[in-house]
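Hi,

Here is the structure I promised to pass on. Have a look at it before you read my notes.

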Amino acid sequence: MAAVRALLVLAGLLLVAAVAAPLGLADNGGFTPVDPASPNAEGIRDSYLFVSIFILLVFVLVEALLLAFIVRFRRRKRDRFEDGAQIHGATKLELMWTVGPVIILVLIASFVFIELPGIANIPSAEARGRLEVKVTGRQFYWQFEYPNGVVAIDRMRAPAGVPVRLEVVSTDEDVIHSWWIPALGGKIDAIPGTVNETWFEVEEPGVYEGQCAELCGVQHAAMTTAVEVMPEDEFDAWLEERRAEQSEGTSELGQELWEGVCAKCHGLAGEGGIGRRLAGSPLLADPQALENIVRNGRVTRAGRMPPVGAGWTSEQMEALTGYLRENPPSGS
């Protein structure tokens with residue numbers, strides 16, 4: 001009996017640890033969700049912790065009882081072929097292990113369905129407005145389009161304290177991607193021909209990083225992204241300035257397109273990599289030929305280049321060709 005009591009004490013300690021563990025494991029290398037910065041991400045984190053408590057409790061209880069039964073009902077000096085004591089049904093115990101799991105599942109389901117509207121439902125536009133951004137997943141970059149026509153690559157900017165609705169898509173020429181900024185909410189797929197929606201609202205300015213969460217090709221690992229949350233007045237000033245610069249051809253869009261779209265395969269200096277070497281190529285000095293390849297892609301014996309610029313605006317093409325004209329890749 002001493003051994004059984006020791007096991008029960010150990011089980012009690014493990015139960016306490018099981019309850020405390022989900023509450024104290026944040027920021028531990030990915031074991032638990034990151035600290036949420038948006039209400040929908042907070043709902044996901046709370047659901048994770050709530051379910052984890054029951055998972056750990058059930059695991060510890062089952063393992064502790066298993067060890068206790070192994071010790072309590074071991075063979076001892078009984079002959080190895082002799083049957084042990086016959087234990088017949090216990091109605092109360094059987095009711096407990098039937099009703100207990102049902103109660104646990106009802107609690108989990110109730111909590112999740114209470115949290116679900118706050119995770120999935122996009123806040124309605126209020127007097128202060130709501131920002132709408134179109135997010136397009138492409139091989140192998142993210143394109144952001146703002147209501148005033150501003151385009152950005154891989155790095156989205158957003159105002160603090162304002163709900164941001166994201167329309168997440170992928171082009172018909174592309175594959176499935178998955179938008180995921182862990183601190184700002186769950187994953188949402190970018191599917192060709194389908195429009196999905198998600199949202200976030202961040203009060204504190206900062207940079208929140210993420211990546212494509214759907215294996216989408218050879219450069220999937222390079223398809224990272226970030227959301228830079230700025231004070232609202234600073235964001236408004238940036239958006240207007242960016243619109244004016246983009247119209248005049250003086251924005252950073254050309255550099256963003258080269259580094260975020262082209263260089264991921266062809267190298268930052270055009271030195272080649274997964275894609276062919278571009279440094280010194282006469283193609284870069286021929287805007288029409290360059291546009292044709294960027295918009296339509298190319299298939300060669302060495303491989304296939306996807307149409308990375310299908311659907312680009314004329315401003316985007318002019319920004320890319322202008323940047324390459326002024327900053328030709330050196331190859332080193």
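Below is what I found in it.

First, the ground rules: this is a predicted model, where local features need pLDDT of at least 70 and side-chain atom pairs count only at pLDDT 80 or more, while totals for chains, interfaces and linings use all residues. Numbering starts from 1 along each chain as its sequence is written, and side-chain values use heavy atoms, with hydrogens and water left out.

Pairing here takes at least two DSSP bridges between two strands. Inside it, β1 (residues 131-138) and β5 (residues 164-170) run parallel over 7 bridges, and Leu131 has Val164 in β5 as its bridge partner.

The cores: a nonpolar core is a set of buried Ala, Val, Leu, Ile, Met, Phe, Trp, Tyr and Cys residues joined through side-chain atoms within 4.5 Å, with buried meaning under 20% relative accessible area (1.4 Å probe, protein chains only). The largest has 34 residues, of which Tyr146, Met156 and Trp179 touch the most other members. Another core, of 22 residues, lies apart from it and includes Leu257 and Trp258.

Back to Tyr146: leaving out residues up to four places away in sequence, its contacts (heavy atoms within 4.5 Å) include Leu131, Met156, Phe235 and Trp238.

Cheers

Note on methods
Helices (H or I, at least four residues) and strands (E, at least two) are DSSP runs, numbered from the N terminus. Buried means under 20% relative accessible area, exposed over 50%, partly exposed in between (1.4 Å probe, protein chains only).
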